[in-house]
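My entries follow the order in which I looked.

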Amino acid sequence: MSQNILEVTGLEKHFGGVHVTCDIHFAMQEGEQSAIIGPNGAGKSTFMNLLTGYHRPDAGKVVFAGREITGMPPHKVVRRGISRAFQVSSIFGRMTVSENVRAAVQAQMRATFRLFASARTLGAGETERMLALCGLEGKRDLVAGELAQGDKKRLELAIALAGKPRLLLLDEPTAGMSIDEARSTMELVDRLNQELKLTVLFTEHDMGIVFNHARKLTLLHRGEIILQGTPEEVRANETAQKVYLGEHRT
């Protein structure tokens, strides 16, 4: 039986007098692929920010792979094995696809500041592996900023994977994509989950994506978890229909 790779207990965050997350208890098993859903302002992004160190919690604890990471700065969270791809693209638009990935690979190797002569080849093999894994081999020399939205997301995934994560967090992975791009992107996510045994947690407003690609759902509402279960259980739940799913086609 799989063990929990992530355990969150009593997590809280408030900004001023507003509680954005309230007493969150959450866990994931290694190899799981799950989604967090909820209306705008439910606290989804804040929760991910707390997991990755972009916000410090006001209360509670985050344990990853058996070690507490509560309030740890983002770069140290990455070193522990958690990578994140954001909704808004974070690629270097003027660099090539290959250069973007190689920079991430070298950062993971802690070799960014080696001599320039060696930097051109340092991590080349791992860079090629990431490009192949994400289907970008034929686009390695293209300027990243000129890629189609779906390819930009593939590049973000390659950059995130360069950190050799055990847990991958995806914030609205299909935002701004065509139907075909969204399907292709989520098929890639499924493959990474299955072939690499990568644990995946994503947020998404498209309920078609959620129900087709998550095996467990967590519904956040006003900073609180009000329901957790399989897609079938959440779809059939009256509370879920009332607070969120009624607004979406499922």
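**Pocket lining**

I sorted the residues that line the largest pocket and got 15 nonpolar, 7 polar and 4 charged. I noted that I was working with a predicted model.

I then looked up the volume of the largest pocket, which is about 790 Å³. Of its 26 lining residues, Val78, Ser83, Ala104, Ile159 and Ala160 are the closest to the centre.

Which elements each supply at least two residues of the lining? I listed the helices α2 (74–80), α3 (97–108) and α6 (149–162), and with them the strand β6 (82–85).

**Strand β3**

The cut-off I used for buried is under 20% relative accessible area.

Next I checked which way the residues point. Gln33, Ala35 and Ile37 point one way from β3, while Ser34 and Ile36 point the other way. I reminded myself that side chains in a regular strand alternate between the two faces of the sheet. The residues pointing either way from β3 are all buried.

**Partners of β3**

Which strands pair with β3? I wrote down β8 (residues 199–203), parallel to β3 over 4 bridges. I also wrote down β9 (residues 216–221), again parallel to β3 and over 4 bridges.

I picked out one residue position for each pairing. Ser34 stands opposite Leu201 in β8. Ile36 has Thr218 in β9 as its bridge partner.

Terms used. Residues are numbered from 1 along each chain as its sequence is written. This is a predicted model: local features need pLDDT of at least 70, side-chain atom pairs count only at pLDDT 80 or more; totals for chains, interfaces and linings use all residues. Side-chain values use heavy atoms; hydrogens and water are left out. Buried means under 20% relative accessible area, exposed over 50%, partly exposed in between (1.4 Å probe, protein chains only). Two strands pair if DSSP finds at least two bridges between them. On a 1 Å grid over the protein atoms alone, a cavity is a set of points where a 1.4 Å probe fits but cannot get out, and a pocket is an open set with protein on both sides within 12 Å along at least five of seven lines; lining residues have an atom within 4 Å of a point. Grid points are joined across faces, edges and corners, and a volume is the space filled by probe spheres set on the points. Ala, Val, Leu, Ile, Met, Phe, Trp, Tyr, Cys and Pro count as nonpolar, Asp, Glu, Lys and Arg as charged, and the others, Gly among them, as polar.
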